[in-house]
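I opened the model to take notes on its sheets, helices, charge pairs and cores. My entries follow in the order I looked things up.

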Amino acid sequence: MPGFDSPPVTSAVERAELAEEAGGRASVSAQASESSGSDTSASEGLRAQRAPWRAAGSAAVAALLLAGAGAGAARLARRGAASGTGRLQSKEQTLALPSRDKCAASDEDCYSSGCCNVAGMKCYETKPGKGKCAMNCTPSASQLCIQTQPIMDQILTDGDWYSPSMYCFAVVMQDIGSTKKYYDLELLQGAYTRGTSIFGCDAWGVFSDQEGWVGPDAPLVKVEDADGDFHFAKREETGTWLNTGLHYQAWKAIGEAGVYKSANWVVKVDADAVFVPNRLVSFLSSQLVPATGIYLENCKKVKYGWFGSLEIFSAMAFETLLGSMASCKDTLDWKTGIDGGKYGPMGEDLFAQVCLDANGVPRGEAFGTKLDGTCEADRPTAEKKNKKWKPTCDSGLFAAYHPLMKPEDYWSCWDATTKAFGY
């Protein structure tokens with residue numbers, strides 16, 4: 001960044017250590033509110049405000065959050081390893097949906113699988129031994145609409161509680177392949193200056209295809225196009241390069257640096273998502289994690305409901321992605337895409353979801369954590385078909401609002417949501 005005294009950085013790993021050193025601790029603060037006009041409710045999304053430990057006061061919160069007050073503490077926490085520290089044994093069960101290919105289609109009997117292949121749909125027993133996929137089900141003389149034990153046994157598993165410490169990261173594409181102005185780096189620089197967005201997480205990193213800075217002591221982690229696939233295809237709707245190859249190399253750099261191991265959750269945030277990390281901490285405070293790990297879908301009424309604006313992995317799920325992404329890249333037909341290329345090549349979020357599914361990581365739900373114009377189910381009824389819709393940020397309490405691509409829109413959203421609901 002002009003005007004900054006740039007220190008010498010010779011490798012992606014060293015850059016990661018420098019960039020992630022400044023991760024600050026997120027505190028817990030959220031207020032309840034209702035949203036209207038979309039399929040995602042704020043009360044559903046931030047249900048963790050009712051978690052018992054929140055009533056214990058700030059001292060208990062400090063004891064539960066396994067992070068220090070600044071960069072040094074975040075780096076020390078890394079040596080504690082999330083797998084042991086901050087874990088509480090529990091006998092409770094949590095929702096752990098299998099990959100969608102093991103679930104019933106929306107028009108099929110779901111009783112034998114207990115799940116549906118559309119995000120947000122549930123399987124209801126309508127007649128003895130018969131199941132129907134639906135978002136909601138109203139009992140009547142002709143249908144029971146109950147979730148019986150045989151159905152639930154297939155989608156629940158034992159889970160453990162982990163403290164909601166977060167490693168957050170963003171990926172900035174600077175060579176976008178288009179003459180259109182994008183402000184991703186500028187948005188992150190502003191967030192760094194204010195200590196907001198990913199810079200309010202326990203630890204963080206910012207990765208890019210080119211050198212740069214988010215702040216005086218925070219270089220971008222430049223990753224190389226080692227596989228020659230940063231520029232193999234453009235997105236039809238935007239004319240920009242597909243992001244999968246760049247994210248793949250960012251994941252690899254994250255794994256090599258190892259700073260993510262300081263946290264129990266790994267969260268990827270789009271640069272144009274207004275993100276209030278404390279609110280996600282509240283949500284994760286009541287989320288149990290199966291032994292296999294879990295990732296949390298965030299968009300209803302689609303077959304693949306893990307949208308890239310706010311990707312939430314448990315630590316074990318992210319470990320699985322790191323360990324399997326090379327084989328997934330070799331075996332998945334990601335350059336063609338699903339359904340024979342009907343939707344074009346896989347973006348990074350779909351690639352990661354399909355890879356996690358293929359390696360046995362179950363799906364959880366985080367539908368109320370964001371308000372996202374790219375998710376049709378999140379849009380108000382009158383705006384369902386408006387793909388350019390942007391959220392207002394004071395009408396409902398969410399951890400993230402997306403997309404706010406221009407600085408004036410982004411910071412207006414930030415000011416509106418924090419004024420309405422606090423941090």
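**Entry 1**

Is K222 buried or exposed? I looked it up: K222 has 15% relative accessibility and counts as buried. My cut-offs are under 20% relative accessible area for buried, over 50% for exposed, and partly exposed in between, with a 1.4 Å probe and protein chains only.

This is a predicted model, so I note that local features need pLDDT of at least 70, side-chain atom pairs count only at pLDDT 80 or more, and totals for chains, interfaces and linings use all residues. Residues are numbered from 1 along each chain as its sequence is written, and side-chain values use heavy atoms, with hydrogens and water left out.

**Entry 1: whole chain**

I counted 11 helices and 19 strands in the protein chain. Both are DSSP runs numbered from the N terminus: helices are H or I with at least four residues, strands are E with at least two. The protein chain has 423 residues, and 56% of them are buried. I then took contacts (heavy atoms within 4.5 Å). Among those between residues at least 6 apart in sequence, 71% join residues at least 24 apart.

I traced an open sheet of 7 strands with mixed pairing, in the order 11-8-7-12-16-15-17. Strand 11 (221–222) and strand 17 (363–365) each have a single partner strand, so one side of each has no neighbour in the sheet. Two strands pair here if DSSP finds at least two bridges between them.

Strand 15 (residues 295–297) and strand 16 (residues 310–314) run antiparallel, joined by 2 bridges. Y295 stands opposite F313 of strand 16.

Which helices lie across these strands? Helix 6 (residues 184–194) lies across strand 7 (166–172) and strand 8 (203–208), at about 145 degrees to strand 7. Helix 8 (residues 277–284) lies across strands 7, 12, 15, 16 and 17, at about 130 degrees to strand 7. The axes are lines fitted to C-alpha atoms, for helices over the stretch in contact, and angles run from 0 to 180 degrees between N-to-C directions.

Strand 13 runs antiparallel to strand 19 (residues 400–402), with 2 bridges. F275 faces A400 of strand 19 in that pairing.

I also looked at strand 3 (residues 122–127) and strand 4 (residues 130–134), which pair in the antiparallel sense over 5 bridges. Y124 has K132 as its bridge partner in strand 4. The hairpin leaves 2 residues between the strands, and G129 takes a positive phi near 80 degrees.

**Entry 2: helix 7**

Helix 7 (residues 244–257) has 14 residues and reaches 20 Å from first C-alpha to last, close to the 20 Å expected at 1.5 Å a residue. The expected span is 1.5 Å times one less than the number of residues. I found helix 7 mostly covered, with 11 of its 14 residues buried. Among them are L246, Y248, W251 and I254. Just after helix 7, G258 has a positive phi of about 80 degrees.

**Entry 3: salt bridges**

My rule is a side-chain nitrogen of Lys or Arg within 4 Å of a carboxyl oxygen of Asp or Glu. The count comes to 12 salt bridges.

E224 pairs with K222, the closest N and O atoms being 2.7 Å apart. E224 is partly exposed at 48% relative accessible area.

K268 has a relative accessible area of 2% and is buried. Its side chain meets that of D270 in a salt bridge at 2.6 Å, N to O. K268 also forms a salt bridge with E311, at 3.7 Å between the closest N and O atoms. K268 lies in strand 12 and E311 in strand 16, so the pair ties together parts 43 residues apart in sequence. Both K268 and E311 are buried. Shared partners join K268, D270, E311 and E348 into one network of salt bridges.

**Entry 4: cores**

A nonpolar core is a set of buried Ala, Val, Leu, Ile, Met, Phe, Trp, Tyr and Cys residues joined through side-chain atoms within 4.5 Å. The largest has 50 residues, of which M166, V214, F275 and L280 touch the most other members. Apart from it lies another core of 43 residues, including I254, Y295, F318 and V361.
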